[in-house]
Amino acid sequence: MTNSKIEIAPNELGATVRESSNKDIHYVRLVQSSIKIANNFLKKVTLSCLVFGKPDELEQTFGSLKFLPGKLVIKESLDSSDDRNLKRAGSDDAPICLSGDQPIYRTIIYDPTSSLEDTLIPHTNVDEIRAFHNGEEFVPADTEVSEAQA
């Protein structure tokens, strides 16, 4: 629906260009909030992504800026070379979202043109995710239960 400006988020010390473990590559963190309505429910969503590059180039490009035009876009797919992009149903210990039996991978990208749309894949392991959030043990529907367990 509506997007705020993209903020170039500084670290705790106020630096917009952040150091990484690789001294030749640093990054900036982009953050954007938006208001979405899904199933007649209004929700504030905050997305963020990292832009990597050489320290001097990042400083020249982003050093004096606080905001950027454009929007942050969600891209989900069923293939990825990086397991850090696995879509989870909440926290890091939450179930991985699946489409059928395949994991869903999620990345956030910066679109300076604001012309791209989110690409979302519905997850099919709703019962597992619901059980996790309700603090219950998940038992798949096709699990055979013995008389002793019933």
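The model is predicted, so local features were kept only at pLDDT of at least 70 and side-chain atom pairs only at pLDDT 80 or more, while totals for chains, interfaces and linings use all residues. Residues are numbered from 1 along each chain as its sequence is written, and side-chain values rest on heavy atoms, with hydrogens and water left out. As for confidence, pLDDT is the predictor's own score for each residue, from 0 to 100. Its mean over the protein chain is 87, and 89% of the residues reach 70 or more.

On to the overall layout. The protein chain has 2 helices and 10 strands, taken as DSSP runs numbered from the N terminus (helices: H or I, at least four residues; strands: E, at least two). Along the sequence, the order reads β-β-β-β-β-α-β-β-β-β-β-α. With contact meaning heavy atoms within 4.5 Å, 60% of the contacts between residues at least 6 apart in sequence join residues at least 24 apart. The accessible surface is about 10,600 Å², and carbon and sulfur atoms hold 51% of that; areas come from the Shrake-Rupley method with a 1.4 Å probe, and for residues only the protein chains shown count as cover. Of the 150 residues, 26% count as buried (under 20% relative accessible area; exposed is over 50%, partly exposed in between; 1.4 Å probe, protein chains only).

Strand 4 turns up in several pairings, where a pair needs at least two DSSP bridges. Strand 4 runs antiparallel to strand 2, joined by 3 bridges, and Glu 7 has Val 31 of strand 4 as its bridge partner. Strand 3 is also antiparallel to strand 4, with 2 bridges; here Arg 18 sits opposite Tyr 27, and the two strands make a hairpin with 6 residues between them. Between strand 4 and strand 5, again antiparallel, there are 13 bridges. Val 28 faces Val 51 across that pair.

Next, the nonpolar cores, meaning sets of buried Ala, Val, Leu, Ile, Met, Phe, Trp, Tyr and Cys residues joined through side-chain atoms within 4.5 Å. The largest has 13 residues, and those with the most contacts inside it are Ile 8, Val 28, Leu 30, Phe 62, Leu 68 and Leu 72. At least two residues each come from strand 2, strand 4 (26–38), strand 5 (41–53), helix 1 (55–62) and strand 7 (71–77). The top contributor is strand 5, with 3 residues. Beyond four places in sequence, Phe 62 touches Ile 8, Thr 16, Val 28, Val 51 and Leu 68. A second, separate core has 6 residues, among them Ala 89, Ala 94, Ile 104 and Ile 129.

Thr 16 lies in the loop between strand 2 (6–9) and strand 3 (18–19). Thr 16 counts as buried because its relative accessibility is 13%. Beyond four places in sequence, its contacts include Ile 8, Tyr 27, Val 28, Phe 62 and Leu 65.

Finally, the cysteines. Cys 49 is buried at 8% relative accessible area, as is Cys 97 at 2%. With a disulfide taken as a pair of cysteine sulfur atoms within 2.5 Å, the count is 0.
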